[in-house]
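Colleague: I would like to go through this model with you. Tell me what each label rests on.

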Amino acid sequence: MNPTRKLLAVTALAFAVLHAPLVQAQAAKAAEMTEAEVRKVDKDNKKITLKHGEIKNLEMPPMTMVFQVNDAALLDKVQAGDKVKFRAVNDGGKFTVTEIQK
């Protein structure tokens, strides 16, 4: 292997090793579920209102807000008053629940 390729390979390996903890931390943060209380379920418009705790992956403080859902079947699992855990993402500016558990 020529010296330039060897240097590139070592540099790439060092970059991967040094950044692995950051990537793992971000993945763990995104994987955390947030506790909430269901306030309203709007199946027709694929929306759910949640009074939630801090959403770490979105850097969002506790509040009550309306979320979109891509899969309306998620809303069949819950009703107003239920205590749940959920995951949400910022999907192009729309806060969207991707998973919900009672």
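Modeller: Start with aromatic pairs. Rings of Phe, Tyr and Trp pair if their centres lie within 6.5 Å. A search of the whole structure finds one such pair. Keep in mind that this is a predicted model.

Colleague: What makes phenylalanine 67 and phenylalanine 86 an aromatic pair, and which geometry do they have?

Modeller: Their centres are 5.4 Å apart. The limit is 6.5 Å, so they pair. The planes stand at 65°. Over 60 degrees counts as edge-to-face, so that is the label.

Colleague: How do you know whether phenylalanine 67 is buried or exposed? And phenylalanine 86?

Modeller: Buried means under 20% relative accessible area. Phenylalanine 67 has 0%, so it is buried. Phenylalanine 86 is also at 0%, so it counts as buried. Across the 102 residues of the protein, 23% count as buried.

Colleague: Why is glutamine 101 called partly exposed?

Modeller: Its relative accessibility is 37%. The class lies between 20% and 50%, so the label follows. Glutamine 101 sits in strand 5. Leaving aside neighbours within four places in sequence, glutamine 101 contacts Met33, Lys83, Val84 and Lys85.

Colleague: What is in the largest nonpolar core?

Modeller: It has 18 residues. Ile48, Leu50, Phe67, Val84, Phe86, Val97 and Ile100 touch the most other members. Strands 1, 2, 3, 4 and 5 each supply at least two residues of this core. In soluble globular proteins, nonpolar side chains tend to be buried together.

Colleague: Which residues does isoleucine 48 contact?

Modeller: A contact needs heavy atoms within 4.5 Å. Beyond its neighbours within four places in sequence, the partners of isoleucine 48 include Val38, Met65, Phe67, Leu75, Val78, Val97 and Ile100.

Colleague: What makes strand 1 and strand 2 a pair?

Modeller: At least two bridges are required. Strand 1 and strand 2 have six, in the antiparallel sense. Glutamate 37 stands opposite lysine 51 in strand 2. Their hairpin has four residues between the strands, and lysine 46 there takes a positive phi near 55°.

Colleague: In which order do the five strands close into a barrel?

Modeller: The order is 1-2-3-5-4, with mixed pairing. Neighbouring strands of this sheet are turned by 55° against each other on average, direction ignored.

Note on methods: Residues are numbered from 1 along each chain as its sequence is written. This is a predicted model: local features need pLDDT of at least 70, side-chain atom pairs count only at pLDDT 80 or more; totals for chains, interfaces and linings use all residues. Side-chain values use heavy atoms; hydrogens and water are left out. A nonpolar core is a set of buried Ala, Val, Leu, Ile, Met, Phe, Trp, Tyr and Cys residues joined through side-chain atoms within 4.5 Å. Buried means under 20% relative accessible area, exposed over 50%, partly exposed in between (1.4 Å probe, protein chains only). Rings of Phe, Tyr and Trp (its six-membered ring) pair if their centres lie within 6.5 Å; planes under 30 degrees apart count as stacked, over 60 as edge-to-face and the rest as tilted. Axes are lines fitted to C-alpha atoms, for helices over the stretch in contact, and angles run from 0 to 180 degrees between N-to-C directions.
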